[in-house]
Amino acid sequence: MKELIKRILKEQQEEPVLSKKEILLFKFINDNKQKSGTKSEIIQLIKEMLGYFGFSQSDATMYYEIYTANFRPNGDYQNLTKENFKDYREFKQRKVTNNTAYEYATAKMPFKGSNIEGQWNVNSNNEWYYVIESYGWYPVFLFINNQWYRTLDTYSSSTRKQMSQVDPLKYDSNLRANVMGVTKGEMERLIDGRYDVNRVKSDRVTSFVIHKGNKLNQSKLISGGYGDNAHRVNFMIKDIEDVDGKIKISVEILKAGKMIGRKMIPDSNFKDDPQLLNGIMNTIKQDLLRTYPTHLTNDNTEIELLN
């Protein structure tokens with residue numbers, strides 16, 4: 001039995017750590033890096049190949065660093081194992097300027113700028129996570145379990161500036177669409193493993209419904225649309241419920257109508273105009289999402305018209 005366990009452990013250590021596509025990518029770089037020449041040219045070459053393989057092109061810098069650290073002149077990348085592979089998550093932090101830090105943040109590589117740094121760590125659940133911190137203690141971006149998060153809380157203009165400079169998602173519209181905004185407390189619980197994305201979502205629903213009292217029966221006048229579709233609506237929230245894990249907000253519209261110049265023309269039959277009604281409901285929802293960003297998201301919020 002002991003010999004069997006030893007053999008299994010040895011096989012696990014020797015099994016390839018790179019996928020077939022990654023092995024092909026590194027072999028391709030070996031064959032073409034002399035033609036490419038500079039680092040930036042090689043990264044551009046990698047970016048093109050990542051697109052061909054169906055990988056995210058934003059990972060080009062990461063693959064460059066992994067390739068460089070694990071370079072094999074004879075191209076036998078299939079022989080890289082857990083035992084001899086230099087894991088990029090354990091690389092030393094690279095010193096960078098804040099204006100170029102986003103390149104490393106996008107690649108999820110360890111870096112250290114001026115009062116902003118990114119590095120990999122392991123939490124109590126043995127989960128790897130990549131966190132970008134401002135001033136060495138305030139988490140602003142987090143990548144864990146294949147999900148990006150960004151903080152909704154910023155305490156200073158310098159932190160906001162750092163977030164703008166280092167933002168790993170600003171040049172990737174697909175990643176930006178999937179990033180989830182969280183509070184500092186939620187991010188800290190995600191980091192230490194107490195929360196996962198589902199727990200964050202469910203707690204938000206519960207909290208918003210429990211504390212609904214201070215949100216009810218307060219009228220609000222807002223505007224939306226533009227051109228011929230410009231409109232204004234006066235509404236109030238009448239009830240908030242948890243319905244199948246989503247936040248259902250029931251609203252009463254007190255007055256609504258299209259805008260003529262700067263003046264609203266009240267229309268008691270606005271519900272008979274599908275385009276106007278759809279525009280009004282969307283305007284209400286977007287206003288509520290902006291008003292309560294720590295709880296409401298487009299996919300967890302439903303608006304019901306009562307009257």
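**Questions about a predicted model**

Q: Is Asn126 buried or exposed?
A: The relative accessible area of Asn126 is 63%. Buried means under 20%, exposed means over 50%, and partly exposed lies in between, all with a 1.4 Å probe and protein chains only. At 63%, Asn126 therefore counts as exposed.

Q: What kind of model is this, and from which number do the residues count?
A: This is a predicted model, in which local features need pLDDT of at least 70 and side-chain atom pairs count only at pLDDT 80 or more, while totals for chains, interfaces and linings use all residues. Side-chain values use heavy atoms, with hydrogens and water left out, and residues are numbered along each chain, as its sequence is written, from 1.

Q: Between which elements does Asn126 lie?
A: Helices (H or I, at least four residues) and strands (E, at least two) are DSSP runs, numbered from the N terminus. Asn126 has phi near 65 degrees, a positive value in a residue other than glycine. The loop that holds Asn126 is between β3 and β4.

Q: Where is Asn217, and what is its phi?
A: Asn217 sits in the loop between α9 and β8 (220-224). At 46% relative accessibility, Asn217 is partly exposed. Its phi is positive, in a residue other than glycine, with a value near 60 degrees.

Q: Which residues touch the most other members of the largest nonpolar core, and which elements give two or more residues to this core?
A: A nonpolar core is a set of buried Ala, Val, Leu, Ile, Met, Phe, Trp, Tyr and Cys residues joined through side-chain atoms within 4.5 Å. The largest core has 41 residues, and those touching the most other members are Leu25, Phe26, Ile46, Phe111, Tyr130, Ile132 and Val166. Two or more residues each come from α2 (20-36), α3 (39-53), α4 (60-69), α5 (101-106), β3 (116-122), β4 (128-134), β5 (138-144) and α6 (157-166).

Q: Which residues does Ile42 touch beyond four places in sequence?
A: Ile42 lies in helix α3 and is buried, with a relative accessible area of 8%. Its C-alpha atom is 9.4 Å from that of Thr61, 19 residues apart along the chain. Contact means heavy atoms within 4.5 Å, and beyond four places in sequence Ile42 touches Ile29, Lys33, Ser36, Gly37 and Tyr64.

Q: What is the relative accessible area of Met109?
A: Met109 belongs to the loop between α5 and β2 (111-112). Leaving aside neighbours within four places in sequence, Met109 is in contact with Met62, Glu65, Tyr88, Phe91, Tyr104, Gly118 and Tyr130. Met109 counts as buried because its relative accessible area is 3%.

Q: How is the pair of Phe53 and Phe55 described, and how is the pair of Trp120 and Trp128?
A: Rings of Phe, Tyr and Trp (its six-membered ring) pair if their centres lie within 6.5 Å, and planes under 30 degrees apart are stacked, over 60 edge-to-face and the rest tilted. The structure holds 15 aromatic pairs, and one of them, Phe53 with Phe55, is tilted at 6.3 Å centre to centre and 45 degrees between the planes. The ring centres of Trp120 and Trp128 are 6.3 Å apart with planes at 75 degrees, so this pair is edge-to-face.

Q: Which residues form one aromatic cluster?
A: Phe53 is buried at 12% relative accessible area, whereas Phe55 is partly exposed at 24%. Both belong to one aromatic cluster, formed by Phe26, Tyr52, Phe53, Phe55, Tyr63, Tyr67, Phe71 and Tyr77.

Q: What is the volume of the largest pocket?
A: On a 1 Å grid over the protein atoms alone, a pocket is an open set of points where a 1.4 Å probe fits, with protein on both sides within 12 Å along at least five of seven lines; lining residues have an atom within 4 Å of a point. Grid points are joined across faces, edges and corners, and a volume is the space filled by probe spheres set on the points. For the largest pocket, the volume is about 540 Å³.

Q: Which of the lining residues are the closest to the centre of the largest pocket?
A: The lining of the largest pocket has 21 residues. The closest to its centre are Val179, Met180, Gly181, Thr297 and Asn298.
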